[in-house]
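Have the viewer open as you read.

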Amino acid sequence: MRTTRIASLVLALALPFAAAAQQITVSAAASLTDAFKELAPRFEAAHPGATVRYNFAASGTLLQQIAQGAPVDVFASADQETMDRGAAQKLVDPATRANFVTNSLVLVEPAQDGAGVKTLQDLAGPAVRKIAVGKTATVPVGRYTRQVLEAANLWTVLEPKFVQADSVRQVLDYVSRGEAEAGFVYRTDAAIAGDKVKVVLTPTGHTPVSYPVAVVADSQQKALAKNFIAFLGSDAGQQILARYGFGKP
């Protein structure tokens with residue numbers, strides 16, 4: 001009998017903790033990695049018992065994972081197109097969708113011994129042998145890149161030089177290590193690389209780089225997921241994102 005009472009007491013004590021302890025999984029575009037990692041402890045401090053778990057990758061890859069049943073609560077994409085596909089497939093709750101930051105596309109080269117690229121046309125010269133680009137099927141920065149180069153009538157010309165990357169961070173790595181003479185990344189990624197890369201150009205001719213976020217339709221923690229999205233738009237959240245170079249939505 002005493003054992004039963006002890007077990008009941010333990011269970012009674014554990015129940016409030018179980019009710020309070022909540023975890024959300026946030027699948028976010030690779031370019032958000034550093035900023036979102038700083039956001040987590042601030043959000044958790046404001047929501048006692050809550051834990052944020054992250055999954056970073058190319059936006060298209062993350063959407064594929066959600067479609068395949070990955071347990072995700074919040075999806076943050078680096079482009080509107082990927083989120084549109086998520087909405088069309090009923091993978092996200094459209095009522096919760098919000099734009100929370102903007103970014104800029106830049107052309108970078110290695111900071112040391114770069115090819116001296118100054119214009120998009122320079123990419124066609126012999127000094128540039130490899131150009132790192134995101135895969136257009138899954139990586140938003142790759143689609144922005146294609147828009148820019150097609151507008152300049154350079155996509156087909158430069159295609160033989162392309163080194164395909166699985167995320168914007170992989171593009172950055174290729175250029176940082178000197179494995180490509182040039183690459184297209186976001187301004188925030190170039191800033192993260194510090195003195196390893198040099199921004200040589202901010203191209204035009206692409207759709208605005210705008211990041212949407214939404215609650216995943218199958219989330220088991222919808223209330224907490226909505227709170228996370230609200231935090232992204234709050235003054236505290238926007239200040240952290242701004243420190244990493246992101247612009248206001």
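Helix H3 is followed by Gly69, whose phi is positive, near 100°. This is a predicted model, in which local features need pLDDT of at least 70 and side-chain atom pairs count only at pLDDT 80 or more, while totals for chains, interfaces and linings use all residues. Residues are numbered from 1 along each chain as its sequence is written, and side-chain values use heavy atoms, leaving out hydrogens and water. Helices (H or I, at least four residues) and strands (E, at least two) are DSSP runs, numbered from the N terminus.

H3 spans residues 59–67, and its buried residues are Ser59, Gly60, Leu62, Leu63 and Ile66; buried means under 20% relative accessible area, with a 1.4 Å probe and protein chains only. Seen down the axis of H3, these fall within an arc of 160°, so they line one face of the helix. The arc is taken from the directions from the helix axis to the C-beta atoms. The cover over them includes S1, S2, S3, helix H4 (80–88) and helix H5 (140–151), where contact means heavy atoms within 4.5 Å.

## The sheet

Five strands make an open, mixed sheet in the order S2-S1-S3-S10-S4. Two strands pair if DSSP finds at least two bridges between them. At the edges are S2 (50–57) and S4 (98–103), each pairing on one side only. From one strand to the next, the twist averages 20°; axes are lines fitted to C-alpha atoms, for helices over the stretch in contact, and angles run from 0 to 180 degrees between N-to-C directions.

S4 pairs with S10 (residues 209–215) in the antiparallel sense, over five bridges. Asn103 stands opposite Val209 in S10.

Helix H9 (residues 222–233) lies across S1, S2, S3, S4 and S10, running at about 155° to S10. Its axis and that of H10 (residues 235–243) come within 4 Å and cross at roughly 60°.

Not counting residues up to four places away in sequence, Phe228 touches Ile24, Val26, Phe36, Phe43, Val52, Tyr54 and Val74.

Key:
Buried < 20%, exposed > 50% of the residue type's maximum accessible area, 1.4 Å probe, protein only.
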